[in-house]
Amino acid sequence: IGISEIIFQASSLKPKVATLKAANKRIVCYTNHGAEDSHCIALYQHLMENHHFPKNRLFRLRGGVNAWKTVGLEICHEGSTSWCTAADSCWRSVSGVRPRWKVVGGADNGGLIVRVGRALGSEPESERLAKDAVVEELKLMGERLKYRRMSGIGPDEGWVTILQKDGTALLRPMAYDTISGVAVTEELAIPSLTTGKKKRGAPRNGNKQVAADSPLGRAHSFSSVSTAAPVACFSASQEDGTASSMCGTGDMNEPVGSLTFDDADDWLSTASIDGEGGAETIPAVAELLAPDAKARWAETEEAVAAIDSCIEVAPKPATIAIGARVQVQHLKSRPDLNGRKACIVALDDAAGRVEISVARAQGEERVRCKPENLVEFVAKPIVNQSLGDTAFREGRPAEAIFFYMEALTQDAHGNAELSATLHSNSAAAYGKQGDHVAALVEAEAVVRLRPEWAKGHARKGLSLLHLYRPREAQGSYAQAVRLEPTAEGYLVGLRQATEQLMDGKSAFCRRFDADKMKENGNMALKAGDVGLAVASYTMALAIVAPLVETGNKAMQHPFAVYSSSRSQAFATLNEWTFALADGEAAKNASPSWFRAYLRIGHALLGQTQAEEAYKTFLFASTLENGYQEAIQECSKVLWQLPRLESPVASRRTQRFAEDAHQPRGSCRIFAISDVHIDHGNSVMLWANGISNTEFKNDILLVAGDVGDTFNSVKIGLSIFKRKFRRVFYVPGNHDMWIRPNTADSTKFKFQDSIEKLLALSDMCEGIGAEMMPAEVMEDVYVVPLLSWWAASFAGATGYVIDENLAQTLGAAGLRYDAFCKWPMGDQVAHQWFLQWNERFLHRIQEQQRERGSKGEAVSFSHFLPVHELPCGGAPALASGCLELEDQIHSVGAKLHIWGHTHISMRSVIRGVTYQQHSLMGAEYGHDVQAKFLKVYDGGLICKPGSHDVY
């Protein structure tokens, strides 16, 4: 449920909320960006005050739809399969049961006619649907019901009409038990509509009346309908269940939405150029429509269905409330906003001001004004416009033009916005007929009425393009792009007009003109006119694109420069998809140009793809003249990586609760470290000799140092994954090495160890291994803690730093783990890994607080977390990270596995059992039938020991 429900669809909201309330369903409000100043509060206030919805069933979606998308969840739209499934299980029916109807009419005719399709002219079934049959609703559109028969006599499925022309019900909806979801025999009443004739001389503008007994006057409501109105008119239920009149004799109903026909420009890019159209004259409106066309359209069900979705703006003092839809008037400080639609988003009672949100091409704009500068919307059907829209969509442009002209004459007086929309649609209809002169006249009317509406300029540009007036067409399309820079149809039109204008010009002239356009774009971008910059760069691209496409190599780099510039402009608008496409185009045109990769990296970062952005910037640093700028960008994105906010990271975190439903004790957990799979054939023989059946339902923790190269790590983890159901892994120092003269430096060409870490993460996902924590059984957590050593570890109590050794290493220019390349430096790398761990630790802590129990957790790292553990032959300066101990305790882990030192031992320190089980010994030797350490079997094992099966 969104804010538009209470602004536009208040009457239809009531039955939906009633069903949700009865079924004890929750309502979640969201905004596109999860902003704190969203309309959720207004929506909730409306639901509580007007529908008495319980407060404890109202929620906000933290982070908005963007957060929903980030974790890879589906965004569905009304009418889609997912939407219908959700609606059927929430408000359209309870407990997944679809609404049911009972046939109450048609007995005199042997039953109701059933048709194959929704249209009244579609093929009828040979059998009729008999009285008293019960059907299940599959789809309800206007007065037509698609059903599935549940009982009684008749076709199994089809379309029927639920009301006769006089309003008598042919089928009635059946009530159902909201607890069990079972339909009961009580039928819900459908009232008969009041009928009457249209009064002669009734006004045709503000208070248009339609006879309810005519095809255009048919309507129905499942709520009680007042018959107090002295003339027949459309009725709709208010929030209190009473009806409000939509004619001039009663109160106006709540606004129900605005249908301004925004016809698709699917014919724009493929339309042919007709240079002879200018000689034709504009036919009279009366010549465009057959005499019986209007009467024929009035008899269609589409005409009936279209009426309820239209509105017209009528001046009325605004009700000042958050969420109210208003129109701006008499605003002297911003005359460009007068006549624009807006929504009230904040109130400043002390200052006597209202803050409104106005949708503009460049995005939402917020403006403060006085309440007297606002008027409300009032619902009123615009029948002619609706009939025109329907005719246009169904391929009858002449009829569409007739109805648009009728609407201009009867319904659009004093309403510039509606007039512009009708002229725009008329231009589209004339264009469909091939009458581009008439289309141009209509488009120019649009531009006069609404000069800031991009659609009008695009309509004009298209007409001029068909009339082969390319310079004027280019100007119109440029203005359309300036106002709406990301409308693909406008960009295509601008390219077509520019190509037409440049036809026959030499490569030299094209390059000169293109560079001039680029400079215009640069000036516009500096001045903040981003839309004009996009238009200028688009024209530059259009000028040289034909040469690039025909293989002119001299134009490839200029094309790359223009694409790069437009990518920057789109990035300024936060239009990252467009920015990325132009960055890719620049790269394809000039593969060795570093700036193209910078554009791609910025666009990827805008899409929160931090990992891909980092790798792109890193590659750019290797290109000529790119090092300085690219490394600066790498530094910026480096500390965004451990936030794990990218779509890739979000997808991987979804495995956290994959097995949370499994009961405790349903599997075993084993551990090992320092495998060094590439240290001789004997290690591979040991790995391949692991039982293929013993551990198929179990979990293995690998505490680092699987191999010195990427391929070695992949081989080792792949073998383990074939033996165990789940494999969790943290990299060790050897895993992070980039050895010279190996595939890591020659084939994969890792520029630093962060890039190799990202590659290891991708590889793990590919083979099914994991580097992120998980609840592997109910209240049982496996917590990999990524880490790196910090020299501060050696300064802790119990260790004495060998100053002579440190001085010797420094003087010789040597350092520990010299094969590792950390962009943030050796002594800062551990802080980066600690940040990586924090997100998961917070999630586990929050879950433990909610459940009131720590559960059981086993953590593991490669490096030593406490100074009491011996380093053995490893240097103390490069062995541990003391901050890991706090992270271990934060999730209540009672058992921690570590590696690195090749000392298999156990020690209990400050309530935690620390255990190492290294395959390799101090001298890199190993038992040919070494067994895994069993750490969990029905519960954490206090004194873990080797398993009895290899």
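User: Let's start with the hairpin: which residue in the turn between β25 and β26 has a positive phi?
Analyst: That's Gly 938, with a phi of about 80°. The turn leaves two residues between β25 and β26. Keep in mind that this is a predicted model.
User: And in which sense do β25 and β26 pair?
Analyst: Antiparallel, over three bridges. Tyr 936, for instance, has Leu 940 in β26 as its bridge partner.
User: What's the strand order of the sheet they sit in?
Analyst: The order is β18-β17-β16-β25-β26, an open sheet of five strands with mixed pairing. β18 (726–729) and β26 (940–946) are the edge strands, each with a single partner, so one side of each has no neighbour in the sheet. On average, neighbouring strands are turned by 25° against each other, direction ignored.
User: How many bridges join β16 and β17?
Analyst: Four, and that pairing is parallel, between residues 668–672 of β16 and 699–702 of β17. Within it, Phe 670 is bridged to Leu 700 of β17.
User: Which helix lies across β17 and β18?
Analyst: That would be α24, residues 710–723, running at about 145° to β18.
User: Switching to aromatics. How many aromatic pairs turn up in the whole structure?
Analyst: The search finds 22. One of them is Phe 720 with Phe 932: the ring centres are 6.3 Å apart and the planes sit at 75°, so this pair is edge-to-face.
User: Why does that pair tie together parts that are 212 residues apart in sequence?
Analyst: Because Phe 720 belongs to helix α24, while Phe 932 is in the loop between β24 (912–916) and β25 (933–937). Phe 720 and Phe 932 are both buried.
User: What about Phe 724 and Phe 932, what are the numbers there?
Analyst: Also an edge-to-face pair, at 5.3 Å centre to centre with 85° between the planes. Phe 724 is in the loop between α24 and β18 and Phe 932 in the loop between β24 and β25, so this pair links parts 208 residues apart in sequence.
User: Is Phe 724 buried or exposed?
Analyst: Buried: its relative accessibility is 2%, and the cut-off is under 20%, so it qualifies.
User: Which residues is Phe 724 in contact with, leaving aside neighbours within four places in sequence?
Analyst: Phe 670, Phe 695, Lys 696, Asp 698, Ile 699, Leu 700 and Phe 932.
User: Which residues do ring pairs link into a cluster?
Analyst: Trp 788, Trp 789, Trp 822, Trp 832, Phe 833, Trp 836 and Phe 863.
User: New topic: helix α16. Where does it bend?
Analyst: At Ile 543, by about 35°, and Pro 546 follows within four residues.
User: What span does α16 reach from its first C-alpha to its last?
Analyst: It reaches 27 Å over 20 residues (530–549), close to the 28 Å expected. Just after α16, Gly 551 takes a positive phi of about 95°.
User: How many of the α16 residues are buried?
Analyst: 17 of the 20, which leaves the helix mostly covered.
User: Last one, the big picture: how many helices and strands does the protein have?
Analyst: 29 helices and 26 strands. Of its 950 residues, 51% count as buried. Among contacts between residues at least 6 apart in sequence, 65% join residues at least 24 apart.

Technical notes:
Residues are numbered from 1 along each chain as its sequence is written. This is a predicted model: local features need pLDDT of at least 70, side-chain atom pairs count only at pLDDT 80 or more; totals for chains, interfaces and linings use all residues. Side-chain values use heavy atoms; hydrogens and water are left out. The expected span of a helix is 1.5 Å times one less than its number of residues. The bend at a residue is the angle between axes fitted to the seven residues ending there and the seven starting there. Buried means under 20% relative accessible area, exposed over 50%, partly exposed in between (1.4 Å probe, protein chains only). Two strands pair if DSSP finds at least two bridges between them. Axes are lines fitted to C-alpha atoms, for helices over the stretch in contact, and angles run from 0 to 180 degrees between N-to-C directions. Contact means heavy atoms within 4.5 Å. Rings of Phe, Tyr and Trp (its six-membered ring) pair if their centres lie within 6.5 Å; planes under 30 degrees apart count as stacked, over 60 as edge-to-face and the rest as tilted.
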